[in-house]
Amino acid sequence: MHHPSYLGVFLTFARNSLIRDMTFRANFLIEGISSVSWMIMNLGFYTLVYRFTPSIADWDKYEFFVFISTTMFVNSLVQAFFMPNAQELSELVRTGGLDFALLKPIDTQFLVSLQRVNWASLGNFFVALLLLAYAVPRIEGFELSPWHFLLYPLYIVLGVFILYSVMIALAATSIWLGRNQSLYDFWFYITNFSRYPMEIYEGTWGTPLRQLFTFVVPILVVINVPARIMAKPLVSDQVFLASFAMLATAISLLGSRWVFKQALLSYRSASS
Amino acid sequence: MVARALTWWTILKISLEERLVYRGDFALGTLMRFLPIVTQIFLWTAVFAASESGTIVGYSRNDIVAYYLLTMLARAFSSMPGLASGIARQVRDGEIKKFLIQPIDLISYLLLARIAHKLVYYLVAAGPFALVYYLCRSYFPGWPATDVFAAFLLSLVLSFMLGFFLEASMGMIAFWFLEVTSLLFVYMLFTFFFSGHMFPLDMLPDFWLTLVDYMPFKYLAYFPAAVFLGKIEGEALYQGLLIQTAWVVFFIVSCRLLMQAGFNRYSGFGG
Amino acid sequence: MIKAGAKARGQQSSKPCPSTFRPDLYPDAHWSAYNLLIMSAIKIRGLKKSYRVYRKKEGLLASITGLFQRDYREVDAVKGIDLDVEQGEFVAFLGPNGAGKTTTLKLLSGVISPTGGAASVLGHTPWLRENEYRRRFALVMGQKNQLWWDLPAQESFRLHQKIYRIDSSEFQRTRDELVDLLEVGQLLGQPVRELSLGERMKMELTAALLHSPDVLFLDEPTIGLDVIAQHNIQKFLKHYQAMRKITILLTSHYMKDVAALCRRVVIIAHGEIVYDGSLAGIVDRFSSHKVLTLHFAEERMPSDLARYGEVLEIVEPKAKLRVDRSSIAKVLSSVLANHAVEDVSVEDPPLEEVIADMFALTAKNQADKVAAESLTPSP
């Protein structure tokens, strides 16, 4: 009785967002179409590239398509549930709407992270499913096992959590900076690193970069771990990275919560 | 005339000041802009490592990296973050009314604000740009001839104008559709793909190549970069500049027509 | 008129202006005595809030240097206030813009943390933000809305139900009751963005009261509304408060709101409480004049009226004089002795005028203080 029903609140958010999306139906449609066109462009680019090369860092065409569909799964989930809220946060700070969020008898981070659901972004989720179904059987020597069904979705969810942590920590900086127009850019550039197989980061500069984005800001594990689980043979040298991904998720979530709380503290002492 | 110039100067100054207040955004934005280039270098190194030949459609790996660096510069001129969405927001909030009431021309106002925005950006970004270009100097084939370089600079200025009037035209669509963010996203995707920001357009199969020739997007990034790298020479160069200018004129006119029609529609609805 | 105001200000400023009004020294002292008997809903002691603002400099060059180095200025929004409010009281906060009213409300609702001092609302310290506390109060701000803009209000209400964990039947009962009182039943299904300002405020009030709070903070609830909508909101608040006996703190610029709703008025200026008492008491305390209206019976009006007081208006055979409070009896008897007067009335100056004069006075004091500070070089 002393805690609000978080599930109930979330479902109401989702419901209200759907009602809102449905009042702007044309927009909803365009958004769905635009996600799909992005997907096609991305695929088009790599189809082009694979016209000139047999593989990229040991990922052949269909393995890479699995990698791309993994990217799409993760991104569509992040964009559906967290992106609109992170973008809204700087707006909430600017307009003073954050004050209302702070009054509610519910966790503030929960409230500002999930109050809007962008249903249209989930369109990409289903296209990714199609791409996965197209690419997986075409991978040479692929054998489906129950592990794929268990581990692949699990690591996609963990990846979403890591990206959410980075995003909410970034959004929280808008509380400090007053506003944050470049949040979206920043986000795009950061996740840009995660959208490639980690093997391409090789050499004098590449190796430290790979380590930085694996162990310090763990965005490389977001796509790479689930994509490898699906596209590459399940062998023991994946175990280390997979266990690390678990740890990284936990630390990211805790870290971002800390950043968020600090930002709120500064908001509380800095505004009038 | 003097009074008019003074008004515009004041608007320019205020916009500059407004931009400078948010220094946090600035520092972050400038730094982040160089990150994609890093991944592109790694990606293309991996591509060339696996491919048999040392060149793809006439580009070596170094050419490709130089190409990306140059499109970055071109996009620094032609990209207009927040322009169309800003217009859309003003229409939604009714803030646009002030341009119907005050003796200020909306497009000129936006252009000046944008120039201010860009000037400040270049002020902050010049250092990082110079540093990155210096560090990556080995990827470049060397300085082009003076006339090619002049054509390159001209194409950059034209790409700024094209970017501005094209996106401003997009923003005017908000007079007809309440929420245009998604439409703008599609536009963003199109420019990203067909401007040559994603890859050298020469890689496209013939059919697509012809299609791209009929669209304005390639003048936002591909064209200036290709000019610098000497991929477009002689007759083709003059022709290209001419077509780019034609697109600029086209969007100057369409942007103004859309604004007039939009204002008429807006005042028709009684705000 | 203007001259008279200036004169009054001159006299006022010659007196020492008390930094904090002590209710026990004034006729309305029963408020504090009452507090000993009845539990306070709100208790504030030495509450302080200061924050830093970026000092934006004029000019382009300064903006560029601002990129690298910033000047901050400490602003004291609330400078240590003491206040007690009993359960069931309806108290008005008055004060010029930037006086610290909204800051105080935000402090009491726990949105921001104070720099110093203590406060307790319903036994909770607001800035600890316990959920038990957050479930017992509500904040409504006239200039901001918390309802979903693109959705019908009823969807936002449902969200409130979930967040505040209101029991379904309870929720329905409260909502129907509020909707009936505010007469917005037909509007529940309309997107909020399509509602008028007055209708939107009614919806905001409904949302805020759904969880039946014991304390309600209202920040300019009638701002921008037309007279009828203002009146409706006032009527509702009066009725609801009388019915539920909840504690309400209201800030408003409209004296009509205050006069209609609040018996007790707290005036804040520059982060300090300068008055705490009844509305009528403001006039006694801050106006040193009364307005004397004389209806002469004589053929010709006396030409030397100025010796009795400042002449405000002459419309034969009537004259309005502004007379010092302390000499009103003397002036009156002397007028009656020297002239044939048909009718006499003695009135207090209009409340708005008194308050406007007082705000102007405190603003002037503040400006003087700032000017004095800026003369001394800052470290």
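Two residues are in contact if their C-beta atoms, placed from the backbone, lie within 7 Å. This is a predicted model, in which local features need pLDDT of at least 70 and side-chain atom pairs count only at pLDDT 80 or more, while totals for chains, interfaces and linings use all residues. Residues are numbered from 1 along each chain as its sequence is written, with chains lettered from A and ligands numbered from 1 in the order in which they are written.

1. Let's start where chain C meets chain A: 26 residues of chain C are in contact with 25 residues of chain A. On the chain C side, strand 1 (40-54), helix 4 (101-108), helix 5 (131-134) and helix 6 (153-163) each supply at least two residues. Helix 6 of chain C gives the largest share, five residues. (Helices, H or I of at least four residues, and strands, E of at least two, are DSSP runs numbered from the N terminus.)

2. What is the make-up of the side of chain C that touches chain A? Its residues divide into 10 nonpolar, five polar and 11 charged. Here Ala, Val, Leu, Ile, Met, Phe, Trp, Tyr, Cys and Pro count as nonpolar, Asp, Glu, Lys and Arg as charged, and the others, Gly among them, as polar.

3. Chain C is assigned domain 1 (18-53 + 74-285) and domain 2 (288-347), with bounds from an automatic or database domain assignment. The C-alpha centres of domain 1 and domain 2 of chain C lie 44 Å apart.

4. In chain B, look at helix 5 and helix 8: B:Leu83, B:Ala84, B:Ile87 and B:Ala88 of helix 5 meet residues of helix 8 including B:Glu167 and B:Met170. The residues of this contact divide into seven nonpolar, one polar and one charged.
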